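Thanks for coming. I have one structure to go through today, so please look at the sequence and the coordinates while I talk.

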Amino acid sequence: MKAIVCEEFGLPATLQYKEVASLKPKKDEVLVRVSACSVNFPDTLIIQGLYQFKPTLPFIPGSDIAGIVKEVGENVTALKVGDAVFGFAMNGGFAEEVIVQSNAIFPKPENMDFPIAASFLMAYGTSYHALKDRAKLQKGETLVVLGASGGVGLAAVQLGKLMGAKVIAAASTDEKLALCKHYGADLTINYEKEDLKKRIKELTDGKGADVIYDPVGGHNTEQALRATAWEGRLLVVGFAAGTIPKIPLNLTLLKGCQIMGIFWGSFAMQFPKKNYQNTMELMQWFSQGKLKPHIHQIFPLKETAKALEEMMQRKVKGKIVIQNQ
């Protein structure tokens, strides 16, 4: 099969598009012929050796996949050869075939095409786990989403609205914010032009935000934390800005607030039943037309490096997808 192989940690240009051996599923595993795999920001970190874990070299990056079951391993009874599925793998998605654990893969609805299916699980799974399980977002609360035009950001905007919150989208350009408004944001902040802390305070009548969803990191994290309400919750989702902020912990004391880490992949592996329930709730909203990923662009497998470069340059609104022909 063809695959994108990381033979040494580095930038996307170092990745190799090459022929590799076909795969064979083991116990509790499913072999999927990949139709589509979306690009997520952690992919850009993993190939550089900068993520929370470092895969053993060489490896095939890519996690968020959709395709057709080619073979099932021992103990797998819920799926059969020929089933259309979508799921999450620790790596291996930027290829023509991938191995997925049977508890991390789900039947694909007929009305969900492969690029949409490949864009769904990680973005919405992460955001729903963050807002539901960690922040326990309540109807009527104010949610501020940083990096709101990205894949997980737009998912958080949509979910925040469905959960009854007042949603303030924050992003770096007016074009990105227009997309956030289209997906349901009530108010917007351009943090390249406006003072983030001041605007959050102004838009909440001085109270501050109940929940901050932060997949960006960098200098805006502390400003957002300073604009939380009493007993506010800051959700640490990622560091797309490239720097991990150092937070003065006296702020948590003064505001009675919480800083919560979000690692959906680990949650999904440790608590598969809870993750399954969340996924079923998300799928119901999708079937009702209440959730839909925004596809920025689709690339063929051989142009995966170009897609990763687009992600690193912060040009992407919504999701980029790698699709096998």
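In which strand is Glu231 found? Glu231 is in strand 12, which covers residues 228-236. Keep in mind that this is a predicted model, so every value I quote is computed from that model.

I start with Glu231 because of its backbone. Most residues other than glycine have a negative phi, and most peptide bonds are trans. Glu231 has a positive phi, about 60°, and it is not a glycine. Asp28 is another non-glycine residue with a positive phi, near 65°. Asp28 sits in the loop that runs between strand 2 (16-19) and strand 3 (29-39). With a relative accessible area of 29%, Asp28 is partly exposed. Lys136 also takes a positive phi, of about 50°, and its place is just after helix 3. As for peptide bonds, Leu57 and Pro58 are joined by a cis one, with omega about -10°. Pro58 belongs to the loop between helix 1 (41-46) and strand 4 (64-72).

Now to helix 3 itself. How many of the 14 residues of helix 3 are buried? The count is 11, so helix 3 is largely enclosed by the rest of the structure. The buried residues are Leu121, Met122, Ala123, Tyr124, Gly125, Thr126, Ser127, Tyr128, His129, Ala130 and Leu131.

Helix 3 has two helix contacts that I want to describe. Two packed helices are described by the angle between their axes and the distance between the axes. Take helix 4 as the partner. Helix 3 covers residues 121-134, helix 4 covers residues 151-162, and they pack at about 50° with their axes 8 Å apart. That angle makes helix 3 oblique to helix 4. The crossing of helix 3 past helix 4 is right-handed. On the helix 3 side, the contact uses Ala123, Tyr124, Thr126, Ser127, Tyr128 and Leu131. On the helix 4 side, the residues are Gly151, Val152, Ala155, Ala156, Gln158, Leu159 and Gly160. By type, the residues of this contact between helix 3 and helix 4 are 8 nonpolar and 5 polar, with no charged ones.

The other partner is helix 10, residues 272-287. The axes of helix 3 and helix 10 come within 10 Å and cross at roughly 110°. Helix 3 and helix 10 are therefore roughly perpendicular to each other. The crossing of helix 3 past helix 10 is right-handed. Helix 3 contributes Leu121, Tyr124, Gly125, Tyr128, His129, Lys132 and Asp133 to this contact, and helix 10 contributes Asn278, Thr279, Glu281, Leu282 and Trp285. Here the contact of helix 3 with helix 10 divides into 5 nonpolar, 4 polar and 3 charged residues.

Next, some individual positions. Is Ile168 buried or exposed? Ile168 is buried, at a relative accessible area of 0%. Ile168 lies in strand 9, residues 166-171. Setting aside residues up to four places away in sequence, Ile168 touches Thr142, Leu143, Val144, Val145, Leu187, Ile189, Leu203 and Thr204. Thr221 is 53 residues from Ile168 along the chain, and their C-alpha atoms are separated by 15 Å.

Ala268 is in helix 9, residues 264-270. Ala268 is buried too, with a relative accessible area of 4%. Between the C-alpha atoms of Ala268 and Phe88 there are 9.4 Å, although the two are 180 residues apart along the chain.

Phe239 is in the loop between strand 12 and helix 8 (250-255). Its relative accessibility is 28%, and Phe239 therefore counts as partly exposed. Apart from neighbours within four places in sequence, Phe239 is in contact with Phe41, Pro215, Val216, Gly217, Ile244 and Pro245. Phe239 and Gly160 are 79 residues apart in sequence, and 21 Å apart from C-alpha to C-alpha.

Last, the cysteines. How many disulfides does a search of the whole structure find? The search finds 0. Cys180 counts as buried, at 0% relative accessibility. Cys257 counts as buried as well, at 9%.

That is what I have.

Conventions
Residues are numbered from 1 along each chain as its sequence is written. This is a predicted model: local features need pLDDT of at least 70, side-chain atom pairs count only at pLDDT 80 or more; totals for chains, interfaces and linings use all residues. Side-chain values use heavy atoms; hydrogens and water are left out. Axes are lines fitted to C-alpha atoms, for helices over the stretch in contact, and angles run from 0 to 180 degrees between N-to-C directions. Helices (H or I, at least four residues) and strands (E, at least two) are DSSP runs, numbered from the N terminus. Angles under 35 degrees count as roughly parallel, over 145 as roughly antiparallel, 65 to 115 as roughly perpendicular and the rest as oblique. A crossing is left-handed if the near helix is turned anticlockwise from the far one by less than a right angle, and right-handed if clockwise. Contact means heavy atoms within 4.5 Å. Ala, Val, Leu, Ile, Met, Phe, Trp, Tyr, Cys and Pro count as nonpolar, Asp, Glu, Lys and Arg as charged, and the others, Gly among them, as polar. A disulfide is a pair of cysteine sulfur atoms within 2.5 Å. Buried means under 20% relative accessible area, exposed over 50%, partly exposed in between (1.4 Å probe, protein chains only).
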